[in-house]
Amino acid sequence: MRYDLLKVLIVDDNHHMRVMLAEILRALGVRYIYEAGDGAQGVQMMRNEPVDIIMTDLSMKPMDGIDFVRLLRNSPDSPGQMCPVIMITGHSTHQRVQEARNAGVNEFLAKPLTARGVIERLNRVIDHPRAFVRTPDYFGPDRRRRADIRFKGPWRRNSDTAQQNAATKDC
């Protein structure tokens, strides 16, 4: 892994967390590290400097990490709709994880931060990227983490049978 070529944007309203994460990234060899104190600042920074990976906190003010990712994924003038996002959180409740996942987050990293955790998440978004999906109410990385080898056919949900029947009638 050539960490020295990566451009990483850290978006966090806590200065100390940005410093700590930047130090971990520097220790890995990342040379291009950009910092933003909130989501709006992060979007503006991306307009000035293209980045490869975004690491953002979930709980920020005035714009939290989920709203930042929604803006990034859904705004027509977004500077990085498909940029991988690693959400950093100390609030890993099931509901907040689901919200972030449904906003288009690629990976999660729970606090307290460790170098191992940072390395694992960076490797996942670089070595094992998930395809992006666009539906009427979602744009972002495929939320399914693994393929079911027993699955046969194009429909995955129980509600898809109605769609399948409608599609068959049209033939």
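User: How many aromatic pairs does the count come to under the rule for rings?
Analyst: This is a predicted model in which local features need pLDDT of at least 70 and side-chain atom pairs count only at pLDDT 80 or more, while totals for chains, interfaces and linings use all residues. Residues are numbered from 1 along each chain as its sequence is written, and side-chain values use heavy atoms, with hydrogens and water left out. Rings of Phe, Tyr and Trp (its six-membered ring) pair if their centres lie within 6.5 Å, and planes under 30 degrees apart count as stacked, over 60 as edge-to-face and the rest as tilted. By this rule the count comes to one aromatic pair.

User: Which class, stacked, edge-to-face or tilted, describes the pair of F132 and F139?
Analyst: A pair of aromatic rings is described by the distance of the centres and the angle of the planes. For F132 and F139 the separation is 5.5 Å centre to centre and the planes stand at 50 degrees, so the pair is classed as tilted.

User: Is F139 buried or exposed?
Analyst: The classes rest on relative accessible area (1.4 Å probe, protein chains only), with buried under 20%, exposed over 50% and partly exposed in between. F132, at 24% relative accessibility, is partly exposed. F139 has 7% relative accessibility and therefore counts as buried.

User: Which residue lies over the face of F139?
Analyst: A charge sits over a ring if NZ of Lys or CZ of Arg is within 6 Å of the ring centre and within 35 degrees of the ring normal. At 4.0 Å from the ring centre of F139, the residue lying over its face is R134.

User: How many salt bridges does the structure hold?
Analyst: Side chains of opposite charge can pair when their charged atoms come close. A salt bridge is taken here as a side-chain nitrogen of Lys or Arg within 4 Å of a carboxyl oxygen of Asp or Glu. D64, R96 and E99 are linked in a network of such bridges, and the structure holds a total of twelve.

User: How many residues apart are K111 and D57?
Analyst: The side chains of K111 and D57 meet in a salt bridge at 3.3 Å, N to O. Helices (H or I, at least four residues) and strands (E, at least two) are DSSP runs numbered from the N terminus. K111 is partly exposed, with a relative accessible area of 31%, whereas D57 is buried at 5%. The pair links distant parts of the chain, with K111 in the loop between strand 5 (107–110) and helix 5 (115–127) and D57 in strand 3 (residues 53–57), and their spacing is 54 residues.

User: Which helix holds both R70 and D67?
Analyst: R70 and D67 meet through their side chains in a salt bridge of 3.3 Å, N to O. R70 is partly exposed at 37% relative accessibility, and D67 is partly exposed with a relative accessible area of 35%. The two are three residues apart, about one turn of the helix, and both lie in helix 3.

User: At what angle do helix 1 and helix 5 pack?
Analyst: Axes are lines fitted to C-alpha atoms, for helices over the stretch in contact, and angles run from 0 to 180 degrees between N-to-C directions. The axes of helix 1 (residues 15–28) and helix 5 are 10 Å apart, and the packing angle is about 70 degrees.
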